[in-house]
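Please have the viewer open as you read.

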Amino acid sequence: MDGLIAALGLGPTLDLLALEPPGWGGNLLRGLANSLQIALGAFGLGLLIGLFGAYGKLYGGPVLRDLLAVYTTVVRAVPELILILILYFAVTDAVNQLLVSLGYDRIQISGVAAGIAVLGVVQGAYATEVLRGAIMAVPAGQIEAARAMGMPPVMLARRITLPASFGFALPGLANLWLIATKDTALLAVVGFAELTLETRQAAGTTKAYFTFFLAAGALYLAVTLVSGWLFGRAERWARRGEATASGSGR
Amino acid sequence: MLAPHRLAMLAVALGFVAWCALSLRWEWLPEYFPLLLEGLWRTIWILVVTVVLGMALAIPLGLAQAAGPWYLAAPARVFCTVIRGTPLLLQLWLLYYGLGSLFPQFPWIRQSELWPILRQAWPYAVLALTLSFAGYEGEIMRGAFKGVPRGQLEAAKAMGMPRLTILRRIWLPQAIQRALPTLGGETVLQLKATPLVATITVIDIYAVSSRVRQDTFIVYEPLLLLALVYMAIAGLIVLAFRWLERRVPQRVA
Amino acid sequence: MKTTLLAIAATFVLGSAAFAEPVKIGIAAEPYPPFASPDASGNWTGWEIDMINAVCAAAEMECAITPVAWDGIIPSLTSGQIDVIMASMSITEERKQTIDFSDKYYNTPALVATATGSGITPDAAGLDGKIIGVQTATTHADYAAKHFAGTAAEVKLYQTQDEAFQDLAAGRIDATQADSIAVDAFLASETGKACCESVGAVAADAEILGAGVGAGVRKGETELLEKINAGIAKVIADGTYDAISAPYFASSIYGG
């Protein structure tokens, strides 16, 4: 193994990537942990916003539906980078100005919280559409039957709509998760210490740009492949017992 | 006539726009207007060029995965997976700074004909965005190619139509027809990816707003204007694709 | 029993006063040797980091070093994400309109670096038709825009200075203007030694290049500013400044 590495000339490269200092591998993994932390938080927040948004769009009044339409349209039309910058500075600025004007002290909003809030708002718009489509795919007869039996709306959602729509939502949600993990890279532009920024700093300090960017790419790819496999299993479990779809095109 | 609640919301929106126009700081606009136009032009031509080139690359990628032999399908699959599995920002920096770090090791590059192009930043931006678009569209075209009814292709083959003609007359048009609704959304996504090129010194409209922020310390107004411009461009793209879809018959036999 | 409870309560009240939030000192989240650069274990090291720690110790403040992106560092300060900027930011009249500055803690000239043997001189005539790269939102970017934009072929704006140095080594730009210490550090590195040289300082322009480097605080934070100024004065007076500078620089960078 060592001989093979030496023969391929990879010795210095692997030294740079080593987990212990002076190798930068530990830094990269710390950045990856940060990225995943934010992605999970943003995905969860997005799901929550999406749930309320989907119900609002389906069952809400006309004003609520229009407001949600404006929200989803704006988020889907404006680049994430712009939204991240606006929200990152505007949210902390607005909160602090409010507190100061009310006579309280400024609070410190941690970078993680700001990142999760920003990406969560962006994810929420897409999640609204995904969950709305999934809820609409639940056979209407089931919902009507439950209503006819006098089931209260929250129990209806909890027992029938959400479990049934889960299978339909999964492909869209898998996509959203991958978008969340890749969007964390944009936080590098505001200086948050996630994987892409750690990579650029490591590359800038050691001048080994190719090595570190390829290593970061491999890490992101690993996350994507593992996530894809996990979501595939979740989808198979959610669709257990369903009749298999006939082959396309015949 | 619009419903009353829509009228009220429209009034609120116009009021908000009027308040923005009057009370926020816009004195930087006249000075930076030419730069804004230049940035807007660059954003638009980068978008158009990368979408066209990306589609041109995506069609063979999709075809290779749908119908090609394993030695063409596997690399295409790997390419699409890698592109879709890594952030665009990383791909952009890898191409620009990664390749740039190799230049000092090969001094003969500076003497070659390509050097004036390799020196500048926009070729790397176009390359990265094209490869990114091709990766995502390759996956979509794969599904589109597979979705065309096999019966049509078999009938054409039975009639003795050469393979290239089948592709040109039957398979490709129908695949594009299937993919068209998604392509509009994907083009908007590509528009949203263009601001990233500002990180490799390409002056697009986002870079201009950053420049305004550095020179004047005004943070929100340039970003708000930018958001408005992107929304307008996205709206135009959606309208253009809707017009295109109306021109193309939707019902497939 | 009663006195014990009273004592415990008093400890909590007095203790909570000591549990104040640390002051967030913002630095640029990029390698900027020898002032501040990340090392492989995730810590930041450099002259400026040592200076920050010394000033905080002298001012008896608890500080937390917070890296933020350079081109968003002033909005980060004004929106409250950080409390102080100590990121080699020059004191200029233009910046003073938005934030307040402490006394300076170093002052060094601006140098232009080019490829070895390029024959470029650090003025408008020497950069005629050349491409110069600078870091965005710096006094060097303003200087290049004012003095070189007329003759230079292009003024490229980079997010970080080390990217500008990298492109200089790659040959994408013909020259870059930066702080003399940063240029010296680059030219002492392997990449810098192999490719490039310094062609001297740019002509003075105090209005643009500023009056030295100081710490930035939000407007109106007079108490914090006084603490920092006291800390800087103490660090210089009791010799800590020279002790910190000795491993990095041959002579003092406090400047005139």
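## Where chains B and C meet

Between chain B and chain C the count is 1 salt bridge, meaning a side-chain nitrogen of Lys or Arg within 4 Å of a carboxyl oxygen of Asp or Glu. Arg119(B) makes a salt bridge with Asp174(C), and their closest N and O atoms are 2.7 Å apart.

Chain B brings 20 residues to the contact and chain C brings 24, where contact means heavy atoms within 4.5 Å. The two chains bury about 1900 Å² between them, with 50% of it on carbon and sulfur atoms. Buried area here is the accessible area (1.4 Å probe) that two parts lose on being put together, summed over both. Tyr97(B), Arg119(B) and Phe217(B) supply 34% of what chain B buries against chain C, more than any other three residues.

## How to read the model

This is a predicted model, in which local features need pLDDT of at least 70 and side-chain atom pairs count only at pLDDT 80 or more, while totals for chains, interfaces and linings use all residues. Residues are numbered from 1 along each chain as its sequence is written, chains are lettered from A and ligands numbered from 1 in the order in which they are written, and side-chain values use heavy atoms, with hydrogens and water left out.

## Where chains A and B meet

Here 39 residues of chain A are in contact with 40 residues of chain B. About 3400 Å² is buried between chain A and chain B, and carbon and sulfur atoms give 76% of that area. Lys182(A), Phe210(A) and Phe213(A) supply 17% of the area that chain A buries against chain B, more than any other three residues.

The rule finds 2 salt bridges across this interface. Lys192(B) and Glu80(A) also meet through their side chains in a salt bridge, at 3.5 Å from N to O.

## Two helices of chain B

Helices are DSSP runs (H or I, at least four residues), numbered from the N terminus. H9 (residues 205-216) and H10 (residues 220-247) of chain B pack at about 165°, with axes 9 Å apart; axes are lines fitted to C-alpha atoms over the stretch in contact, and angles run from 0 to 180 degrees between N-to-C directions. H9(B) and H10(B) are therefore roughly antiparallel, the word for angles over 145 degrees.

Ile205(B), Tyr206(B), Ser209(B) and Val212(B) in H9(B) meet a set in H10(B) that includes Leu223(B) and Leu226(B).

Key. Parallel < 35°, antiparallel > 145°, perpendicular 65-115°, else oblique.
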